[in-house]
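Me: I'm new to this structure. Could you walk me through it with a few questions and answers?

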Amino acid sequence: MYEITRRDLILSSAAAGVVFGLNNRVAFLGVAHAQTAMERGFHRYNVGSIEVTALYDGVWEKAHDPGFIKDVTVDQTKAALAAAGLSTDFVPVPFTPNLVKVGGPFVLIDTGTGGGQTGGPKAGTMMKHLAAAGVEPRAINVILISHFHPDHISGLMTRAPENKVVFPNAEIYVPTVEYRFWTDPAVIEKLAEPRRALARRTQEMFPLMKEKVHQFEWDREVVPGIRAIDARGHTPGHTAFHLSSGTDQLIVLSDTTNIPALFVKNPGWRAAVDQDAPVAEASRRKLLDRAVADKAMVAGYHFPFPAAGRIAKDGNGYAFVAV
Ligand SMILES: [Zn+2]
């Protein structure tokens, strides 16, 4: 963990004081440290005795699109990005899978873009950063999948037609609801055209890994120390994960909210990437409220690297304070 100095903190709202009061063992990462972590491509921190390594998998510089957020204009989106100190030229959507060590095995939560199989030209750096963190792919014993969007599952396998398993010793745990939805042969024609390719790829990949894939239910421990949380809406089986060690907690939000500058600040903004936007919003508010009430740390897959911090109430929305 890093030592902190007051001037390292960039906290713009009253939320800061609230967050500061939560847990004085939290060390905040200053700007200089965040840049160093970004250059290294991984960042290690502890939640009690659980070791978490955030692995940077690059960024999708998403072009502005008036259809991205329902009832929100591109100008409003740009204003929210600017208010958070981000570029307004595009929407920056980073990818950060987490490697977790709870006692023995290495557990990888989501697998990234698969070397840029999806996510644009600046995505696909996770394997390089896994190596930089000193972990070989064969050392990973367990993979947990939050949902079947391509930026979360593409890292399981190399591109077609090679289709080689990337983590040869890993057992793969997937949410039952999500698995059933995407692997139903009838789903393809029910989906809108842009989502069909994903369903086809899912139905190509998973049979090839059949003996390694296990389904899990919500509200149970998937592996010791990690429970699955129902976070449906973004996809039908979208899942968050709860990790705890002693009194310390981490909620891995997965895609419960996309980038915080837009959707933590404005939890009612409904992104086109959420399959069932009203249900996704309900899950988002429920989990952010839980993070506040439980004083839990959160990790967000599309949060700015190292994609971890805390949530506080802030007006009608919430504030994310990076750790
Ligand atoms: Zn995602």
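Here are some questions on the metal site and the salt bridges of this predicted model.

Me: Which protein residues are the donors of the zinc ion?
Reply: Happy to start there! The donor atoms lie 2.1 to 2.3 Å from the zinc ion, and along the chain they follow the spacing D-H-x102-D-x46-H. The donors are Asp 151, His 152, Asp 255 and His 302.

Me: Is the site of the zinc ion tetrahedral or irregular?
Reply: Four donors count as tetrahedral if all angles lie between 85 and 135 degrees. Here the angles among the four donor atoms run from 91 to 173°. The site is therefore irregular.

Me: Is His 152 buried or exposed?
Reply: Buried means under 20% relative accessible area. For His 152 the relative accessible area is 0%, so this residue is buried.

Me: How many residues apart are Asp 314 and Lys 265, which form a salt bridge?
Reply: Their closest N and O atoms are 3.7 Å apart. Asp 314 lies in strand β15, while Lys 265 sits in the loop between α9 and α10, so the pair ties together parts of the chain whose separation in sequence is 49 residues.

Me: In the salt bridge of Arg 232 and Asp 230, which residue counts as buried?
Reply: The two side chains meet at 2.6 Å, N to O. Arg 232 has a relative accessible area of 38%, so it is partly exposed. At 15% relative accessibility, the buried one is Asp 230.

Me: How many salt bridges does the structure hold?
Reply: Some of them form a network, linking Arg 270, Glu 281 and Arg 285. Another joins Glu 51 and Arg 44 at 3.6 Å, N to O. The total for the structure is 12.

Key:
Residues are numbered from 1 along each chain as its sequence is written. This is a predicted model: local features need pLDDT of at least 70, side-chain atom pairs count only at pLDDT 80 or more; totals for chains, interfaces and linings use all residues. Side-chain values use heavy atoms; hydrogens and water are left out. Donors are N, O and S atoms within 2.8 Å of the metal (3.2 Å for Na, K and Ca); water is not among the atoms, so sites may look incomplete. Four donors count as tetrahedral if all angles lie between 85 and 135 degrees; four count as square planar and six as octahedral if opposite donors are over 155 degrees apart and all others between 65 and 115; anything else is irregular. Buried means under 20% relative accessible area, exposed over 50%, partly exposed in between (1.4 Å probe, protein chains only). A salt bridge is a side-chain nitrogen of Lys or Arg within 4 Å of a carboxyl oxygen of Asp or Glu. Helices (H or I, at least four residues) and strands (E, at least two) are DSSP runs, numbered from the N terminus.
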